[in-house]
Amino acid sequence: MPSLIHKRPDGSDKTLEFGSKPIIVGRVPEAEILVRDSFVSRVHCGFGHVNNQFTLKDLGSTNGTYRNGARVFECNLVTGDKIQVGNTTLMFEIDTATGNGIIRQIPQMVAPPRTLGQPAPPKPGEMGVTVQVKLPGQNPPSSSGPPAG
């Protein structure tokens with residue numbers, strides 16, 4: 001029976017053997033594929049190998065399991081499938097030389113923390129410019145001092 005190779009974000013690999021139970025993806029320390037993402041359930045989904053097919057099954061997760069953008073409850077996997085659990089992306093492929101499944105955990109893009117009270121940076125395409133607006137019935141401000149009388 002083939003194995004599942006988990007290629008972690010830190011560059012290390014972990015070989016996982018299929019058994020009678022699925023290979024668990026989740027936040028619990030006991031999960032074979034541990035994902036540190038608050039949007040991932042403690043026991044989120046599982047990988048299996050049945051009838052010469054790699055399978056993915058949602059295990060009652062709160063936020064769902066997605067394959068190639070569509071929510072799935074149970075499905076077969078093929079090379080190139082993109083699996084989304086919470087904010088974490090897992091890429092699936094089959095090693096044609098060994099027949100093993102490979103899961104690449106893609107590192108999450110995390111924005112740097114902001115300090116409270118600090119204004120939000122401008123959105124792309126916006127400029128942080130202050131413009132003076134003249135309201136109806138209001139004289140423009142004078143830059144040459146008090147009005148002459």
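## Contacts and overall make-up

Among the contacts in the chain (heavy atoms within 4.5 Å) between residues at least 6 apart in sequence, 28% join residues at least 24 apart. The model is predicted, so that local features need pLDDT of at least 70 and side-chain atom pairs count only at pLDDT 80 or more, while totals for chains, interfaces and linings use all residues. Residues are numbered from 1 along each chain as its sequence is written, and side-chain values use heavy atoms, with hydrogens and water left out.

Of the 149 residues in the chain, 31% are buried, a term that stands for under 20% relative accessible area with a 1.4 Å probe and protein chains only.

## Strands and sheet

The chain has 12 strands and zero helices, where strands are DSSP runs of E with at least two residues and helices are runs of H or I with at least four, numbered from the N terminus. An open sheet of mixed pairing holds five of these strands in the order S4-S3-S5-S6-S9, two strands being paired if DSSP finds at least two bridges between them. Its edges are formed by strand S4 (33-34) and strand S9 (74-76), each of which pairs on one side only.

Within this sheet, strand S5 (residues 45-50) and strand S6 (residues 53-58) run antiparallel and are joined by six bridges. One of the residues involved is valine 50, whose bridge partner in S6 is glutamine 53.

The largest pocket holds about 200 Å³ of space. A pocket here is an open set of points on a 1 Å grid over the protein atoms alone, where a 1.4 Å probe fits, with protein on both sides within 12 Å along at least five of seven lines, and lining residues have an atom within 4 Å of a point. This largest pocket is lined by 12 residues, of which Pro9, Leu34, Val35, Arg36 and Gln105 are the closest to its centre.

The second largest pocket has a volume of about 160 Å³, a volume being the space filled by probe spheres set on the grid points. Its lining comprises 13 residues, and Pro22, Gly48, His49, Val50 and Thr55 lie nearest its centre. S5 and S6 each supply at least two residues of this lining, and S5 gives the most, with four residues.

Note on methods
Buried means under 20% relative accessible area, exposed over 50%, partly exposed in between (1.4 Å probe, protein chains only).
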